[in-house]
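This briefing is meant to be read alongside the sequence and the coordinates.

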Amino acid sequence: MSNQDLILTSPTAQRLYSAYAQTAPIYDYHCHLSAKEILEDKVFTDIADMWLGHDHYKWRAMRQAGVAEALITGSAAPADKFRAFARTVARLVGCPLYDWVHLELDTYFGIAEPLDEKSADRIYRACNKSLRERSLRPSDLIRQSNVQLIGTTDDPTDDLAAHFELARCKPADCRVIPTFRPDRALNIQKAEFADYLASLADCAGYGAIRDFAGLVAALRQRVSFFGQAGCLMSDHSLEALDFVDSSREQADAVLKARLSGKTVSADEARVFSSQLLVELAGLYTEFQWVMQLHVGALRNVSSRMFARLGADKGFDVMNDFQVAVPLAALLNRLESKGTLPATILYTLNSKDNLVLSTLPQCFADSAMPGKIQFGAAWWFNDTQGGIESHIKSLAEQGILPTFIGMLTDSRSFLSYTRHDYFRRILCQFIGERFDRGEYRASEEILKELVEGICYKNIVRYLHL
């Protein structure tokens, strides 16, 4: 089985991919890799651990196929886990996992054979032999994939020691930068909120956070600290999108009530989180950061499995609330205050594709084309159909040439083939329209489109 022309059925798509996309550098500006693991650069020894250790995409598929949890996140032997996954993946017709797995086998191990229960042991041994003989490390995968930028995801209380050490002792072609993720500071109804503010105060060098002004000041200190580590972006997971017009005084009253031990209502929580998000956006504008808003995750829907395994184990789904009114209100509030930073909007539900393709136009800025972005097809949407739908919405309702392209959003060092997967779909989208005569452009413009979306637009967007 050859992956060379996977997805690429148009002659022009094949040419665009080969000429401009296949070897283009990768700027993975949002992922969940560990800077500590990159710094330690430990040798990988087992393909099962590499593939199944952190990947909720694979876990979900295996569970749905009836695989016992012991063979997924449990204590079963790596070889047994690999066999169980091989049996599952062989039957995933139409699922991106099938393509990702075979792209990874081909790209990193030179294995073109389909993975199934019959080939599982042979492929398992071949991969592990390759790992041993090559002493494969994260740095090897990063270098082989031509990765130029990795944006990790980090809490404001993180000391970023690994990031500073990477910058100091491993100046390399790939730049590793933190991303400021202050979700815990906004989740005022969470039981651990007060304890978290104590940790935040300690990191910021404050005795305690007693009011809203103190909270904003502590976050400002951490933003400045992250900036010293090279941070260029923030990230927010907005599980509930309930933006309301509020004030510092209202947010201060809610925070003081919470810190005094009182229960905060849902309406009060909205007042607090809305105002804090506005304050943070002002900081991002001041520090010239990009703000990322991930909208629509409904997390930990199985209380039984959450109690057993904890968060981020594959029991999150897409939500279906309405996004147009609250997002428009938030962006309008920030624009009216002159504090609207460059912003990337992601949705977990493709029903919002048209909304998020058209909303950015209302806040266009001639000084920065594409300032408000409809971000890459995210999580449940990074399928072939999901990426096609996202690109189609951008092309029809937005403006595709300014799109900043793909990211992995992954915890795996093998996931860079997701950029390749996206690039194939992008080239097919452009190429088939060119071949049908629906789009006529010079080679110069075709090159500009493909290279821009693959990597040049994000370089400009982050002022790299």
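The structure holds 19 aromatic pairs, and this count, like everything below, refers to a predicted model. One of these pairs, formed by F44 and F413, is tilted, with 6.0 Å centre to centre and 55° between the planes. Because F44 lies in the loop between α2 (35-40) and α3 (47-52), while F413 lies in the loop between α18 (384-397) and α19 (417-435), the pair ties together parts that are 369 residues apart in sequence.

**Aromatic residues**

- Both F44 and F413 are buried.
- A pair of the edge-to-face kind is formed by W51 and F85, whose rings stand 5.7 Å centre to centre with 75° between the planes.
- This pair links distant parts of the chain, since W51 belongs to helix α3 and F85 to helix α5 (residues 78-89), and the two are 34 residues apart.
- W51 is buried, as is F85.
- One aromatic cluster is made up of F164, F180, F225, F226, Y284, F287 and W289.

**The parallel sheet**

- Five strands make an open sheet with parallel pairing, and their order across the sheet is β4-β5-β6-β9-β10.
- At the edges stand β4 (179-180) and β10 (372-374), each of which pairs on one side only.
- The parallel pairing of β4 with β5 runs over two bridges, and F180, a member of the aromatic cluster, has S234 in β5 as its bridge partner.
- Between β5 and β6 the pairing is parallel over six bridges, with S237 standing opposite H294 in β6.
- Strand β6 (residues 290-295) also pairs in the parallel sense with strand β9 (residues 343-347), here over five bridges, and in this pairing H294 stands opposite Y346 in β9.
- Strand β5 (residues 233-238) is mostly covered, with six of its six residues buried.

**Two residues and their surroundings**

- Leaving aside neighbours within four places in sequence, T339 is in contact with A281, G282, T285 and L334.
- R220, which is found in helix α12 (residues 212-228), is partly exposed, because its relative accessible area of 35% lies between the cut-offs of 20% and 50%.
- With neighbours within four places in sequence again left aside, R220 is in contact with L283, E286 and F287.
- The C-alpha atoms of R220 and F287 are separated by 10.0 Å, although the two residues are 67 residues apart along the chain, and F287 also belongs to the aromatic cluster.

**Enclosed space**

- Three cavities of 30 Å³ or more are counted in the model, and the largest cavity holds about 70 Å³ of space.
- The lining of the largest cavity consists of H54, D55, H56, Y57, D409, S410, R411, S412 and R418.
- By class, that lining has one nonpolar, four polar and four charged residues.

Notes. Residues are numbered from 1 along each chain as its sequence is written. This is a predicted model: local features need pLDDT of at least 70, side-chain atom pairs count only at pLDDT 80 or more; totals for chains, interfaces and linings use all residues. Side-chain values use heavy atoms; hydrogens and water are left out. On a 1 Å grid over the protein atoms alone, a cavity is a set of points where a 1.4 Å probe fits but cannot get out, and a pocket is an open set with protein on both sides within 12 Å along at least five of seven lines; lining residues have an atom within 4 Å of a point. Grid points are joined across faces, edges and corners, and a volume is the space filled by probe spheres set on the points. Ala, Val, Leu, Ile, Met, Phe, Trp, Tyr, Cys and Pro count as nonpolar, Asp, Glu, Lys and Arg as charged, and the others, Gly among them, as polar. Two strands pair if DSSP finds at least two bridges between them. Helices (H or I, at least four residues) and strands (E, at least two) are DSSP runs, numbered from the N terminus. Contact means heavy atoms within 4.5 Å. Buried means under 20% relative accessible area, exposed over 50%, partly exposed in between (1.4 Å probe, protein chains only). Rings of Phe, Tyr and Trp (its six-membered ring) pair if their centres lie within 6.5 Å; planes under 30 degrees apart count as stacked, over 60 as edge-to-face and the rest as tilted.
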